[in-house]
Amino acid sequence: MCILLSLIYFLKYSPLFLKLAVLIDRKNLQFAFIALGVYEVVKVLYFCGMQSNQEKLVAHILDQLNLNSAAIPAETYNKLLSVQPQIVDIDDMITYVKSIGNKLDASDKTDEFIEKIEDETNILIHKLKFISATDRPKVLVVDQIEPLEINHSAYLHEAIKIAGGVPVTTESEADKIIVIGHGEQMFTQLPKLLNTPSITSSKAIELDQVFMMTDKQFAQIPGYNYLKELESLAEILQPKYFVYGHEGNDWLQFQLN
């Protein structure tokens, strides 16, 4: 999707394309198109690899709204990219989506998307409202195993609260441990984590409650996969109440025994 949209954008706005069309004769037109195609594809691949988190977030939200980013004027698209949202909770998410709808005059589509976010989030909150804080699992999120790096993201901590947990940053307090995956490296380093004294003394190890997020995008860009991240967390933290089908695709439980 990124390659296709970016290719359309470059072919639409590239001054090189216009210059070549004027300067070359018809005999060499076919060769020029091939050369231009190679040039633009290289640019597109570079562009996709260098996308900022903000560019990824905007593109993904537009995709969820079924809006064609290639059809958006460059000036308007640049305005979308210029807004750096500080997304922590659902109110921040809704405010940001509304701002996109206003800039694109697409409030009808953003209203539907916002309603979906509100409805699914309210289902989580409603089902868990009678579970007291003392009965909710304390959740430690590990960003990196070696060296050990604990997640302190306000966005992820807020998501944990909505999904029925209590975020903690002290290893020994954890009832559940979630490791954010980074490919095969996570699996090779996991034994080292499980042998870390502060980790082995936690209830998470005693109760066989160590989980791995295999979705590489998980919580890396606040708001990118807001609902799916809430659902995955709810499955892990409150399995008696929620089954969305993300186990095996977006997360795994590591069997200690």
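**How helix α12 packs in this model**

Tutor: In this predicted model, helix α8 (residues 154-162) packs against helix α12 (residues 226-237) at an angle of about 55°, and their axes lie 9 Å apart.

Student: Why are α8 and α12 called oblique to each other?

Tutor: Angles under 35 degrees count as roughly parallel, 65 to 115 as roughly perpendicular and over 145 as roughly antiparallel, with the rest called oblique; the angle here is about 55°, and α8 and α12 are therefore oblique. Their crossing is right-handed.

Student: Which residues make the contact, and how is it made up by class?

Tutor: Y155, L156, A159, I160 and I162 of α8 meet Y226, E229, L230, L233 and L237 of α12, and by class the contact has nine nonpolar, no polar and one charged residues.

Student: What makes α7 roughly parallel to α12?

Tutor: The axes of helix α7 (residues 107-128) and α12 come within 10 Å and cross at roughly 15°; angles under 35 degrees count as roughly parallel, and that makes α7 roughly parallel to α12. The crossing of α7 and α12 is left-handed. On the α7 side the residues are K116, I117, E120, T121 and L124, and these meet Y226, L227, L230, E231 and A234 in α12, a contact with six nonpolar, one polar and three charged residues.

Student: Which residues touch the most other members of the largest nonpolar core?

Tutor: That core has 49 residues, and those touching the most other members are M93, I100, L156, I178, Y226 and L233. Leaving aside neighbours within four places in sequence, L233 is in contact with L156, A159, I160, A163, I178, F218 and Q238.

Definitions and conventions. Residues numbered from 1 in each chain as written. Predicted model: local features only at pLDDT ≥ 70, side-chain atom pairs only at ≥ 80, totals over all residues. Heavy atoms only, no water. Axes fitted to C-alpha atoms, helices over the stretch in contact; angles between N-to-C directions. Helix = DSSP H or I, 4+ residues; strand = E, 2+ residues; numbered from the N terminus. Left-handed = near helix turned anticlockwise from the far one by under 90°. Contact = heavy atoms within 4.5 Å. Nonpolar A, V, L, I, M, F, W, Y, C, P; charged D, E, K, R; others polar. Core = buried A, V, L, I, M, F, W, Y, C linked by side-chain atoms within 4.5 Å. Buried < 20%, exposed > 50% of the residue type's maximum accessible area, 1.4 Å probe, protein only.
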